[in-house]
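Subject: Structure handover and notes

Hello,

Please find the structure below, with the sequence beside it. My notes follow, arranged by region so that you can read them with the model open.

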Amino acid sequence: MTDIRDDAFAAFRELFGHEPDGLWSAPGRVNLIGEHTDYNGGFVLPFAIDRRTVAAVAVRDDRMLRVASAFADELVELDLAALSPGALRGWSAYPMGVAWALGATELGELRADLGAVPGVDIFIDSDVPVGAGLSSSAAIECAVALALNDIWRIGLDRAALARAGQLAEHTAVGAPTGIMDQTTSLFGEDGAAVFLDCRSMESHPVRLGFAEAELSLVVIDTATAHDLADGGYRERRASCELAAETLGIASLRDLDADGLPRAREVLDEVTFRRARHVVTENQRVLDTVRLLTEDGPGGIGELLTASHRSLRDDFEVSTPELDLAVETALNLGALGARMTGGGFGGAAIALIPETEESLLRVAIDGAFAEHGYSQPDIFRVNASVGARRDM
């Protein structure tokens with residue numbers, strides 16, 4: 001077991017007085033490209049990373065659901081009979097929201113009968129940075145969903161577990177996110193991204209080839225935490241829905257580059273720019289998949305950088321810290337760089353030659369210090385496997 005699994009096992013035993021029945025883990029994710037396209041029925045290209053959340057879980061002999069974590073000094077308890085989105089608060093809304101969602105009617109006939117399942121104790125530990133745009137919330141949801149699916153013997157497939165995580169995020173947490181994060185955390189593969197069509201929900205792996213090309217994908221966590229349950233994200237989604245409604249289409253997936261001139265005529269300036277980002281970002285995802293498949297990762301840098309400019313100028317979800325991270329990486333010779341995640345803070349990524357990784361750390365630290373920003377956390381990530389049982 002890795003240290004984090006050891007830590008979760010030991011903490012569970014100390015808190016609850018007995019050993020867990022098992023350990024389940026799920027990774028965070030980096031979105032290589034395809035931002036704010038998922039809830040518009042578009043294309044995304046994320047990959048699961050080698051930073052994970054671990055859920056240590058054991059069955060109880062009563063109906064209580066108890067959750068605790070390494071990052072909150074509280075034990076939250078709730079009878080399963082009282083489990084509802086309105087009863088959930090704070091960080092515990094993520095694991096408890098998943099427990100509720102697994103019994104929700106939206107999941108169909110295979111959903112759990114929460115009136116018949118036993119209570120459980122859950123302890124959560126994680127090395128996925130919180131608030132960095134690396135889907136720490138989805139990692140919690142997917143680790144817990146996989147654990148409860150096993151322990152309660154529900155029999156849901158991974159696609160249904162992803163929907164349960166998204167339902168928890170929407171209803172229990174109040175964040176109107178797409179389904180990309182949960183899908184990536186559940187379907188990730190070593191060395192590959194997950195190309196996902198968010199309309200059909202069809203996905204397939206795309207080999208990244210970073211190691212073969214002697215490239216590193218580096219995360220620059222700006223230490224400016226974001227919250228997707230706040231107004232900015234919701235406003236962007238509402239703007240996209242308004243654009244689609246005004247244009248008479250089901251979603252912005254149905255708008256392509258040829259339709260942008262008409263869109264400019266009928267949409268206000270801000271709404272048009274939001275729509276233009278989605279249209280151009282969808283195409284950038286398709287172009288990135290093609291380049292990775294045909295030529296390897298060496299040619300995708302310009303697409304990553306163009307994505308950042310679109311997120312900064314058209315979708316307006318970047319920040320000065322993210323812009324500085326991207327600019328500094330590009331000046332140092334990165335092939336491409338962009339903010340990743342929902343924006344309003346969080347992290348940027350840079351695709352750089354392996355030999356430049358240490359120089360990038362020094363340059364970023366110096367630039368942030370010069371501007372009076374908090375010191376960022378900079379680390380390399382590799383594409384990793386999705387959620388799994390570890391013990």
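Does arginine 284, at 10% relative accessibility, count as buried or exposed? Please keep in mind that this is a predicted model. Arginine 284 counts as buried, because its relative accessibility of 10% is under the 20% cut-off.

The helix pair around arginine 284

Arginine 284 is found in helix α8. Leaving out residues up to four places away in sequence, arginine 284 touches Ile33, His277, Leu303, Ala306, Ser307 and Ser310.

Helix α8 covers residues 269–294 and helix α9 covers residues 301–313. Two packed helices are described by the angle between their axes and by the distance between those axes. For α8 and α9 the angle is about 170°, and the axes lie 10 Å apart. The two helices are therefore roughly antiparallel to each other. On the α8 side, the contact is made by Arg273, His277, Thr280, Glu281, Arg284, Asp287, Thr288 and Leu291. On the α9 side, the contact residues are Leu303, Ala306, Ser307, Ser310, Leu311 and Asp313. By type, the residues of this contact divide into 4 nonpolar, 5 polar and 5 charged.

The sheet with β10

Four strands form an open sheet, in the order β9-β10-β8-β11, and the pairing is antiparallel. The edge strands are β9 and β11 (377–381), each of which pairs on one side only. Ignoring direction, neighbouring strands of this sheet are turned by 25° against each other on average.

Helix α11 (residues 357–370) packs on the sheet and touches β8, β10 and β11. The direction of α11 makes about 155° with that of β11.

Strand β10 (residues 347–353) is mostly covered, with 6 of its 7 residues buried. The pairings in this sheet are as follows:

- β8 (residues 215–221) and β10 pair in the antiparallel sense over 7 bridges; isoleucine 220 has alanine 348 of β10 as its bridge partner.
- β9 (residues 336–340) and β10 run antiparallel and are joined by 5 bridges; glycine 336 has leucine 351 of β10 as its bridge partner.
- β8 and β11 also run antiparallel and are joined by 5 bridges; leucine 217 has valine 381 of β11 as its bridge partner.

β9 and β10 form a hairpin with 6 residues between them. Glycine 341, in the turn, has a positive phi of about 95°.

Strand β5 and its partners

Strand β5 (residues 120–126) is mostly covered as well: 6 of its 7 residues are buried. β2 and β5 run antiparallel and are joined by 7 bridges. β3 (residues 64–69), by contrast, pairs with β5 in the parallel sense, over 5 bridges.

Helices α5 and α3

Helix α5 (residues 180–187) is mostly covered, with 7 of its 8 residues buried. The buried ones are Met180, Asp181, Gln182, Thr183, Thr184, Ser185 and Leu186. What do these buried residues of α5 pack against? They pack against β1 (22–33), β2 (43–59), α3, α4 (158–173) and β6 (192–197).

On the α3 side, find alanine 139, which lies in that helix. Alanine 139 is buried, because its relative accessible area of 0% is under the 20% cut-off. Alanine 139 and glutamine 182 are 43 residues apart in sequence and 7.4 Å apart in space, C-alpha to C-alpha. Neighbours within four places in sequence aside, alanine 139 is in contact with Ala26, Pro27, Gly28, Thr53, Val128 and Ser185.

The nonpolar cores

The largest nonpolar core has 54 residues, of which Leu65, Leu83, Leu102, Ile122 and Trp152 touch the most other members. Helix α3 (residues 136–151) supplies the largest share of this core, 9 residues. Another core, of 35 residues, lies apart from it; among its members are Ala243, Phe272, Ala337 and Ile378.

Leucine 65 of the largest core touches Val76, Glu77, Leu78, Leu80, Leu83, Met96, Ala99, Val120 and Ile122, not counting residues up to four places away in sequence.

Regards

Terms used: Residues are numbered from 1 along each chain as its sequence is written. This is a predicted model: local features need pLDDT of at least 70, side-chain atom pairs count only at pLDDT 80 or more; totals for chains, interfaces and linings use all residues. Side-chain values use heavy atoms; hydrogens and water are left out. A nonpolar core is a set of buried Ala, Val, Leu, Ile, Met, Phe, Trp, Tyr and Cys residues joined through side-chain atoms within 4.5 Å. Buried means under 20% relative accessible area, exposed over 50%, partly exposed in between (1.4 Å probe, protein chains only). Contact means heavy atoms within 4.5 Å. Two strands pair if DSSP finds at least two bridges between them. Axes are lines fitted to C-alpha atoms, for helices over the stretch in contact, and angles run from 0 to 180 degrees between N-to-C directions. Angles under 35 degrees count as roughly parallel, over 145 as roughly antiparallel, 65 to 115 as roughly perpendicular and the rest as oblique. Ala, Val, Leu, Ile, Met, Phe, Trp, Tyr, Cys and Pro count as nonpolar, Asp, Glu, Lys and Arg as charged, and the others, Gly among them, as polar.
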